[in-house]
Amino acid sequence: MKVEIVTYRNGETTVVEYDYQRRSDDEKPMVLDVLLQAQVSGMPDLAFRYGCRARNCGVCTVDINGRPRLACRARIREGDTISAMATLPVLSDLVVRRDSIARQMRGRLPAQVSGNDLNVEASAEYHTLTACVECYACLHGCPMHAQNLEPQGAGTAGTLEAGEGYRWGNPFSLLKLQMRRLDPLVTEPEKEAVVAQAVELGLEVCIDCPGCKCGIGIDLKNKVVKALLDAAEQNSAQSPPD
Ligand code: FES
């Protein structure tokens with residue numbers, strides 16, 4: 001099965017044709033199978049990431065034909081093109097810089113309020129959001145995050161120094177903030193502050209956006225974005241006029 005693997009080294013992008021050897025006639029390989037085989041046969045320097053191999057860690061995300069997919073979970077087909085996520089700066093081959101997303105959330109998620117009542121039960125909605133594996137597939141097509149990559153454009157080295165967080169948000173950061181809102185141990189003033197942080201990250205861009213897609217199927221549009229937009233509207237209606 002012939003596929004294309006896009007490598008990125010020293011600022012140069014190269015499309016390499018790779019011929020995957022099936023281990024049996026009925027094998028339906030995953031993208032990660034192709035990458036692992038390529039690394040031991042013909043492309044020893046190929047750089048890519050993976051961890052759990054069971055869609056739990058999210059670090060294996062790559063673009064397949066321009067769309068983000070978990071490499072350990074997505075089946076590969078004849079003629080497919082595997083490339084680094086276009087929404088994050090590429091470090092080498094299929095490895096992207098992920099730290100600026102996590103750093104963006106530093107200081108926005110205060111430590112858990114401690115108290116005696118540790119038996120407080122979180123809502124089912126909260127537990128739905130805990131399924132996020134931080135694959136960052138949701139960044140695909142996100143107009144809010146796209147502002148972080150200007151003016152150089154997606155797939156370039158980006159404009160941030162190592163260790164900096166992005167200015168503008170993304171569905172993942174909104175999900176983390178919405179989880180704080182749903183956390184039963186978080187106080188009401190803190191929940192309001194969380195909504196303000198979402199607004200500061202650029203939440204209003206979401207008003208005109210048709211919606212984002214989660215790599216593992218969380219309903220981001222309704223459970224995260226709409227919930228925060230509604231809360232922001234409510235907060236601004238309650239705040240006294242200037
Ligand atoms: S390797 Fe962990 S989600 Fe793919």
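Is Asp93 buried or exposed, going by its C-beta neighbours inside 10 Å? Asp93 counts as buried, with 25 such neighbours. For the cut-offs, buried takes 20 or more other C-beta atoms within 10 Å of a residue's own, exposed takes 12 or fewer, partly exposed lies in between, and the C-beta atoms are placed from the backbone.

## The model and its confidence

What you're looking at is a predicted model, where local features need pLDDT of at least 70 and side-chain atom pairs count only at pLDDT 80 or more, while totals for chains, interfaces and linings use all residues. Residues are numbered from 1 along each chain as its sequence is written.

Mean pLDDT (the predictor's confidence in each residue, from 0 to 100) is 89 for the protein, and 89% of the residues reach 70 or more.

## The five-stranded sheet

Five strands make an open sheet with mixed pairing, in the order β2-β1-β5-β3-β4. β2 (12–19) and β4 (67–70) sit at the edges with a single partner strand each, so one side of each has no neighbour in the sheet. On average, neighbouring strands of this sheet are turned by 35° against each other, direction ignored. Strands are DSSP runs of E, at least two residues long, numbered from the N terminus (helices are runs of H or I, at least four), and two strands pair if DSSP finds at least two bridges between them. Angles are taken between axes fitted to C-alpha atoms, for helices over the stretch in contact, and run from 0 to 180 degrees between N-to-C directions.

## Around β3

β3 (residues 61–64) pairs with β5 (residues 81–83) in the antiparallel sense, over two bridges. On that side, Asp63 has Ser83 of β5 as its bridge partner.

β3 and β4 also run antiparallel, joined by four bridges, and Thr61 has Leu70 of β4 as its bridge partner. The two strands form a hairpin with two residues between them, and Asn65 in the turn has a positive phi of about 50°.

## Positive phi in two loops

Most residues other than glycine have a negative phi. Asn10, in the loop between β1 (2–9) and β2, has a positive phi near 50°. Asn10 is exposed, with 5 other C-beta atoms within 10 Å.

Asp93 also isn't a glycine, yet has a positive phi of about 50°. Asp93 lies in the loop between β6 (90–92) and β7 (95–96), and is the buried residue from the opening.
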